Amino acid sequence: MDKLLEKIAVCVEKGKVNAQSPYPPEMKGQDGVDELMLKALAMGISAQKVLSEALIKGMQRVGEKFRKNEIYLPDVLMAARSMNAGMIHIKPYILSGNVEYQGKIIIGTVVGDMHDIGKKIVGMFFEGGGWEVIDCGVDVSENSFTQAITENNPDAVGLSALLTTTMMNMKTITGVLKTKFPNLKILVGGAPLTQDFADRIGADIYSPDPQGALEKLKNTLQ
Ligand code: B12
């Protein structure tokens with residue numbers, strides 16, 4: 001059983017979606033996450049175990065390598081695709097209440113900013129870490145964040161900004177959200193940000209990369 005879970009973790013890490021997938025070339029013709037997940041669940045391994053000991057484990061390794069610049073964006077996107085292929089089999093168990101999410105996070109790129117790619121990757125890592133992710137998209141105002149938070153009652157909200165101009169909008173949004181939802185953890189990220197800036201605007205967590213944010217948030221909520 002442990003061998004099968006490790007095989008799934010490796011498939012996530014390498015971005016091996018299914019047997020038909022030609023990527024990565026060295027795994028051509030081998031089963032991917034799709035087939036191995038079906039096998040694991042048919043063997044009676046619990047969905048919770050497969051999620052935490054195979055899918056999340058694989059994605060954690062991806063996060064660590066990405067942080068150390070040992071792999072690059074296309075590798076992360078392939079890993080996320082294979083993770084998604086696995087999540088399709090886990091979703092019914094989550095919906096039936098047999099698997100619990102680690103928490104719920106709302107993410108969005110702040111008002112005035114259309115950059116989507118980094119924020120989507122943050123979402124993928126959180127999903128890979130077992131979190132329910134609600135993506136509000138780009139150009140999100142404090143009112144839209146407020147509405148989404150009121151409707152979904154998340155544990156955390158992640159703000160992204162890629163422009164030196166729009167990162168200033170994070171200050172307003174963080175201020176409003178902290179007043180309205182004092183217990184909500186606010187994460188901020190994006191290329192122009194620094195820890196100093198995050199401290200100055202009163203955000204709870206800053207990380208230059210999604211994996212670091214995931215770890216910091218986990219520690220904060222423990
Ligand atoms: C792609 C891109 C675009 C695309 C965006 C497409 C899309 N769907 O996202 C388009 C063409 C639309 C675009 C438009 C513009 N862009 Co642009 N764009 C880029 C570019 C080339 C890449 C950004 C990117 O996707 N990087 C890859 C991702 C993976 O990295 P990332 O976003 O930094 O995210 C990572 C981390 O920062 C972190 N992270 C991100 N968000 C969060 C959130 C949280 C909570 C956490 C924890 C972590 C985190 O995790 C991610 C994964 O590691 C950058 C240059 C660059 N190399 O960064 C310029 C860049 C950001 N753009 C720039 C500019 C100026 C513009 C425009 C104003 C250009 C113009 N004159 O029209 C417009 C602005 C439009 C708007 N209102 O937003 C400048 C910004 C300069 C500045 N300092 O403000 C840059 C730096 C280019 C440059 N060198 O001049 N852009």
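I looked up N153 first. N153 counts as exposed, with 10 C-beta neighbours inside 10 Å. My cut-offs, on C-beta atoms placed from the backbone: a residue is buried if 20 or more other C-beta atoms lie within 10 Å of its own, exposed if 12 or fewer, partly exposed in between. Phi of N153 is near 45°, a positive value in a residue other than glycine. N153 sits in the loop between α6 (142-152) and β3. Helices (H or I, at least four residues) and strands (E, at least two) are DSSP runs, numbered from the N terminus.

I then turned to N69. Its phi is near 60°, again positive in a residue other than glycine. N69 lies in the loop between α3 and α4. N69 is exposed, with 7 other C-beta atoms within 10 Å.

**Ground rules**

I am working on a predicted model: local features need pLDDT of at least 70, side-chain atom pairs count only at pLDDT 80 or more, and totals for chains, interfaces and linings use all residues. Residues are numbered from 1 along each chain as its sequence is written.

**Cis peptide**

I checked omega next. Y23 and P24 are joined by a cis peptide bond, with omega about -10°. P24 is placed in the loop between α1 (2-14) and α2 (33-42).

**Overall fold**

I counted nine helices and five strands. Along the sequence the pattern reads α-α-α-α-β-α-β-α-β-α-β-α-β-α. The radius of gyration is 18 Å, close to the 17 Å of the globule rule for 222 residues, so the protein is as compact as a globular protein of that length. The radius is taken over C-alpha atoms, and the rule is 2.2 Å times the number of residues to the power 0.38. The C-alpha trace spans about 50 × 35 × 25 Å along its principal axes. Of the 222 residues, 41% count as buried.

**Domains**

I noted domain 1 (2-95) and domain 2 (103-221). These bounds come from an automatic or database domain assignment. Their C-alpha centres lie 26 Å apart. Twelve residues of domain 1 are in contact with eleven residues of domain 2. Contact here requires C-beta atoms, placed from the backbone, within 7 Å. On the side of domain 1 that touches domain 2, α3 (47-67) and α4 (73-95) are the elements that give two or more residues. The largest share, eight residues, comes from α3. By class, that side has eight nonpolar, two polar and two charged residues. Ala, Val, Leu, Ile, Met, Phe, Trp, Tyr, Cys and Pro count as nonpolar, Asp, Glu, Lys and Arg as charged, and the others, Gly among them, as polar.

**Core**

I found 59 residues in the largest nonpolar core; I8, V12, L55 and V188 have the most contacts inside it. Such a core is a set of buried Ala, Val, Leu, Ile, Met, Phe, Trp, Tyr and Cys residues joined through C-beta atoms within 7 Å. The element that gives the most to this core is α3, with eight residues. Leaving aside neighbours within four places in sequence, L55 is in contact with I8, V12, V50, M83 and G86.

**Ligand shell**

I ended at the ligand. It is surrounded by 27 residues, the closest being I117, G118, G158, S160 and G189. At least two residues each come from α5 (117-128), β3 (156-160), β4 (185-189) and α9 (210-221). The largest share, five residues, is from α5. The shell has 14 nonpolar, nine polar and four charged residues.

Conventions. Two residues are in contact if their C-beta atoms, placed from the backbone, lie within 7 Å. A residue is near a molecule or strand if its C-beta atom, placed from the backbone, lies within 6 Å of it.
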